[in-house]
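How can a reader new to a protein chain find a way through its fold, its charged pairs and its surface? Please look at the sequence and the structure shown here before reading on.

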Amino acid sequence: MGMIKFTVLGLSLGLFACLQVSAAGFQNTSVGATSKGMGEAFRATANDWTAAYYNPAGYAFIPDNQLGLNWAFPYLRHELTPNYGYRDNFGNRVETGVFNDHQVNNSHEILNIPSAGFLLRFPVWQETVFGLSAFEPFDYNISWNLYTPPEAYNDLVQLNGADTNRLDIPTSQFSNNLDVVAFQLTAAREFIPDKLSIGLGLQLLRGDLVFNDLTFRNNPLASPVSDRPRDLVPEFSSNDGRGWGFGINAGMMMKVTPKMNVAATVKIPFDIKISGESTLSFLMPRNTFLSPQYQPGSEEFLFTNGSLVPISANFETTLKLPTSLAAGIAYNVNEKLNVAFDVEYTLWSKYNGLEFEYADFSYPRISEYRAIDSTPEFFTSDLSSPVEWNNSGKIMAGLNYKLNNLLTIMAGASLDQSVAREGIAVKPQFVDTGNKLTVNLGGLFHLSRWDFGLVTSFTDFPDQTISGFIDLDNDGINDNFPGTYGARGFETIISVGHRF
């Protein structure tokens with residue numbers, strides 16, 4: 001017994017020496033305290049309601065009915081030192097208004113990601129076990145304030161003794177709040193009694209997206225209106241939409257020996273068509289010398305008067321979610337100790353970013369904006385946020401040890417391969433700067449038929465510097481954001497489960 005306790009302690013300390021908890025891309029893995037505490041190496045164990053997420057086949061071997069609730073509280077603290085400037089013919093950087101050479105942190109917020117589910121054994125179809133659950137297989141939330149208009153686009157006024165922008169521009173210029181909720185009906189049963197089970201989850205997916213971006217558009221007018229530093233026109237886009245889709249989550253579990261399980265799973269989420277409303281705001285250059293020379297309503301006046309032009313539109317975009325394949329093995333060393341190892345491969349190359357298609361434009365019909373009708377291709381162009389992501393692999397290892405009838409401890413680690421290994425498409429809306437090493441540590445407290453879980457995690461991304469601009473889709477607009485990125489985060493997971 002002493003040797004086992006020493007082994008468990010050694011493994012726990014070894015895993016805790018690792019750092020970081022975050023899945024590649026925008027996959028969310030914060031479902032269940034036991035599974036998360038074991039570093040997500042749970043597919044061949046899958047012995048509570050969260051098997052609906054990790055491996056539906058696990059339901060068939062669960063002897064009782066269960067009801068569970070789970071709350072994840074991630075806190076992302078990312079930092080970016082922008083190097084977002086153009087070079088002139090002499091190699092000098094031309095500033096755009098981005099906070100270059102200053103370390104900026106994302107907006108700090110403790111997020112709340114809930115999930116819940118239950119499973120019931122019915123004496124039908126050879127003791128088929130059914131379950132209904134709701135969780136978020138994909139989630140991302142980040143927001144940045146990285147820009148203020150330079151002098152050529154905005155007058156500064158004194159307010160309370162400080163320089164303040166004359167125009168009320170968006171303060172969250174780069175943000176991405178993406179939620180995909182799965183409402184899953186699960187069924188599982190033993191095809192070979194006490195040996196082999198198969199489970200299937202049918203998912204109704206709800207996607208919600210709030211995506212803000214800042215795009216620097218080339219001034220379409222000729223000299224002198226478009227002379228530097230007024231050669232670029234900032235466009236602030238805010239897109240708020242939602243949509244529905246379907247998915248399949250299937251798995252198998254085999255008891256190879258009384259002590260060892262093996263498992264395999266596949267998750268296939270289908271594309272979600274997101275539609276909603278957009279606000280497109282164009283910050284026009286301000287030229288106090290040229291503007292009085294042009295008639296209100298002319299293109300030249302519009303592009304020199306320094307106004308913030310608001311345009312409303314409807315949009316559509318397609319969210320292409322990746323398929324993932326996984327396998328796992330779990331071994332009961334004894335009645336107290338369980339160790340597990342999983343691997344997963346996610347086809348992130350399917351996700352190629354977001355392309356926003358706009359329609360039904362409207363704007364204030366006043367003389368100042370009359371020239372919009374003369375240059376519709378500038379004000380009504382579709383926008384895109386493309387990425388070139390790679391498929392990624394992940395390995396996970398974990399353990400749980402039942403100290404006594406009141407407490408089970410979990411520890412786990414995982415190595416997660418970055419989706420953007422070459423770093424060419426890193427941007428503030430998606431910060432994935434390199435391969436990530438994960439550690440989780442937690443406990444499960446047992447009280448009669450109730451289980452209370454608590455898991456904590458620490459995140460530390462590798463720093464990465466992105467140099468130069470890249471136009472991925474050849475539309476003349478840069479698709480990455482140069483600078484030095486760093487990221488870390490903390491996460492706490494609380495769960496409540498009841499067996500009946």
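The paragraphs below go from the whole chain to its salt bridges and then to its surface patches.

This is a predicted model, in which local features need pLDDT of at least 70 and side-chain atom pairs count only at pLDDT 80 or more, while totals for chains, interfaces and linings use all residues. Residues are numbered from 1 along each chain as its sequence is written, and side-chain values use heavy atoms, with hydrogens and water left out.

The chain holds five helices and 24 strands, where helices (H or I, at least four residues) and strands (E, at least two) are DSSP runs numbered from the N terminus. Its C-alpha trace spans about 90 × 45 × 40 Å along the principal axes. Of the 500 residues in the chain, 53% are buried; buried means under 20% relative accessible area, exposed means over 50%, and partly exposed lies in between, with a 1.4 Å probe and protein chains only. Among contacts (heavy atoms within 4.5 Å) between residues at least 6 apart in sequence, 75% join residues at least 24 apart. The accessible surface comes to about 21,300 Å², and 58% of it belongs to carbon and sulfur atoms; such areas come from the Shrake-Rupley method with a 1.4 Å probe, and for residues only the protein chains shown count as cover.

The charged side chains come next. Lys and Arg count as positive and Asp and Glu as negative, with His and the chain ends not counted, and the place of a charge is taken as NZ of Lys, CZ of Arg, CG of Asp or CD of Glu. By this count the chain has 33 positive and 51 negative charges, whose mean positions are 10 Å apart.

A search of the whole structure finds 14 salt bridges, each being a side-chain nitrogen of Lys or Arg within 4 Å of a carboxyl oxygen of Asp or Glu. One of them pairs Glu-344 with Arg-43, with the closest N and O atoms 3.6 Å apart. This pair links distant parts of the chain, 301 residues apart, since Glu-344 is in strand 16 (residues 337-346) and Arg-43 in the loop between helix 2 (33-37) and helix 3 (51-54). Both Glu-344 and Arg-43 are buried.

Another salt bridge joins Glu-79 to Arg-488, with 3.4 Å between the closest N and O atoms. Because Glu-79 lies in strand 1 (residues 66-82) and Arg-488 in strand 24 (residues 483-499), the pair ties together parts that are 409 residues apart in sequence. Glu-79 is buried at a relative accessible area of 18%, whereas Arg-488, at 25%, is partly exposed.

The side chains of Asp-432 and Lys-436 also meet in a salt bridge, at 2.7 Å from N to O. Asp-432 counts as buried because its relative accessibility is 6%, and Lys-436 is buried at 1%. Elsewhere, salt bridges that share partners join Lys-36, Glu-40, Lys-394 and Asp-416 into one network.

What patches lie on the surface? Patches are made of residues with over 30% relative accessible area and no salt bridge, like charges being joined within 9 Å and nonpolar side chains (Val, Leu, Ile, Met, Phe, Trp, Tyr) within 5 Å. Glu-316, Glu-355, Glu-357, Asp-382, Asp-473 and Asp-475 form a negative patch; Glu-316 is found in strand 14 (residues 308-319) and is partly exposed at 40% relative accessibility. A nonpolar patch, with about 450 Å² of accessible area together, is formed by Ile-329, Phe-341, Val-343, Ile-395, Leu-415 and Leu-437. Ile-329 lies in strand 15 (residues 324-332) and counts as partly exposed at 34% relative accessibility.
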